[in-house]
Amino acid sequence: MSEKWWQEAIVYQVYPRSFQDSNGDGVGDLRGVIQRLDYIQSLGVSVIWLNPIFVSPQIDNGYDVSNYYAIDPLFGTIEDAEELIEKAHQYGLKVIFDFVLNHTSDQHPWFQEALKGPDNPYRDYYLWADGKTAGQLPNNWASFFGGTVWEKEPAGNQYYFHLFAKEMPDLNWNNPEVQLSMLDIATFWMDKGVDGFRLDAFIHMDKEAGYPDVPNIVDGQIVLAEEYYANLPKVNHYMKNFAQALRKQYPDVFLVGEAASANIDLAVNYSDPLNEACDAVITFRYFSEDDTKKDVRLPLTMQSGKLDLKAFKATMSEWQDRLGDFGGPTLYWNNHDMARAVSRFGDVIHYRDNSSKMLATLMYLQKGIPFILNGEEIGMKNLEIPTIDKFEAPEAKGFYEKALALGYSKEHILRELNATSKDASRGVMQWDDSVFAGFSTSPPWSGVNQEADYHVAAQEADEKSILNYYRKLLNYKQTPLFTKGSFKLIETNDQLYCYERTLGKQTALVCCNFTDQPVFFEDERFTEENFTVLLTNDFNSLEGKLGKLGPYGAAVLVFGTDEENEPHEENRISVF
Ligand code: NOJ
């Protein structure tokens, strides 16, 4: 396929509320991001993804948009957005915006018009159904945020559809007017210089016609119905029309779709260039956990579990194999919808630095596009949210009630929620040791972890910090061996994750230990003279053909040379 700029991109996700507050109101904003552009550039990333910043009642932190053509005053003004785009470009950084395609806010003028009745021209912008009989819901489908997907209109008899909160009605993509309106918005922001979009929840743009009940469900029960509202065939059709029209004007636009429940077949389908839909997708299907100890009466994803390394390896290598040629899978451990990986899969008590570095090494040197959530580059861990009323996610509240009713103690439930909930990942950026970690001069909108060694200022000054490790890693990630090299998973035990990247005569061996115990790895090549240690974290050593990876150890060795990608002389050491 033809080469596209985004195939070698490294994306830094900025959660604007939590990144940097410039006006002292406790909420991060666009001027804050502008102030930190030099820091972002210094990481070696090439793209900023900004979570939603358009005008919104903030029922779901901006994913409920009431005006797509203006910036929410919480975050700044349209001039700030223009300045951010322009300055980011001066720094050599591209900018992608979060674009919510599937739904709007109920405060959006289209929906306010639609509520006026069946004859209103905007009625058909949304999805409506009659109850089965008077007072009965149209069907038994559940919303992702709990309860039914249906909400009765206040002044009429019909119900409107909402897959998320009831304040977030779903758009009717079957209506050509909707398609044109959404294209207009994308074009408006492209005209302002944006380089692409992260397309929120696009896999839900189509719903099963006639809204059939999920069969064999007890009367009155509401159940998730993904087969009726996720990944339906018309999604591709809508996306293709949208993407084709946008690319006609902007051939270089980068479209990364959020495809939470997409398996590999769907991901290939959505990102195959021949289908002309997304360029890449973000799935939530990488991280299989050992669910055997979980309570099946409660949502499994909200109970903590250990990563099932065997399943994870199999999934990742399949995604590498099948998506590698399209520019690659997206590579990430974190985003604003999940707890922080170092708290989930690393060890924040004994081996926080080593496990942070190991996770980054494992993930980002694979083929594909890294997506790094702000703060992971300094090893930011989950927040500790003390009481249930401080959780924002409606799912967290639902889980709490249900677990209480099943007899779990409050302490246990809060521990689980702190380990798994998305709220735990949204803590503010830790810049320095001043009040509120340098994020703001006022108490932040969310929690703040103030820790002596885990802030940018401390880590800038420490050559061995997680931050400086990320910089080195991302520097290597940009070399041809890691952007273009082939990928091969190495068969090992289920404590290690090892793979090779090969380009021409050069091969990188990436070896990571996923446990808190030392693990040995044998390789005849370790006895050769001709290799380079590109990267290593702590507690690793090499003796003869035996490499020892300490707890959460990670090492990257390069064998052979390549003229275009000559290893650096200073790294040519034989013991790490
Ligand atoms: C996915 C977003 O990442 C999440 O934060 C949001 O709640 C839903 N889509 C609804 O827009």
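Analyst: In this predicted model, Asp 200 has a polar side-chain atom 2.7 Å from an oxygen atom of the ligand. His 336 also takes part, with a polar side-chain atom 2.8 Å from a ligand oxygen. For Asp 60, an N or O atom of the side chain is 2.5 Å from an oxygen atom of the ligand. On its own the ligand has 300 Å² of accessible area, and the protein covers 96% of that.

Now let us meet the rest of the shell. Besides Asp 60, Asp 200 and His 336, the residues around the ligand are Tyr 63, His 103, Phe 145, Phe 164, Met 168, Arg 198, Glu 258, Asp 337 and Arg 426.

From here, we can follow the chain onward. Strand S9 spans 196-200, and the loop between this strand and helix H7 (226-229) contains Asn 216. Although Asn 216 is not a glycine, its phi is positive, at about 60°. Asn 216 counts as exposed because its relative accessible area is 80%, over the 50% cut-off.

Past H7 comes another such asparagine: Asn 231 sits in the loop between H7 and helix H8 (233-249). Asn 231 is not a glycine either, yet has a positive phi of about 60°. Its relative accessibility is 17%, so Asn 231 is buried, the cut-off being under 20%.

Key:
Residues are numbered from 1 along each chain as its sequence is written. This is a predicted model: local features need pLDDT of at least 70, side-chain atom pairs count only at pLDDT 80 or more; totals for chains, interfaces and linings use all residues. Side-chain values use heavy atoms; hydrogens and water are left out. A residue is near a molecule or strand if one of its heavy atoms lies within 4 Å of it. A polar contact is a pair of N or O atoms within 3.5 Å; within protein, one must be able to donate a hydrogen and the other to accept it, and residues adjacent in sequence count only if both atoms are side-chain atoms. Accessible areas come from the Shrake-Rupley method with a 1.4 Å probe; for residues, only the protein chains shown count as cover. Helices (H or I, at least four residues) and strands (E, at least two) are DSSP runs, numbered from the N terminus. Buried means under 20% relative accessible area, exposed over 50%, partly exposed in between (1.4 Å probe, protein chains only).
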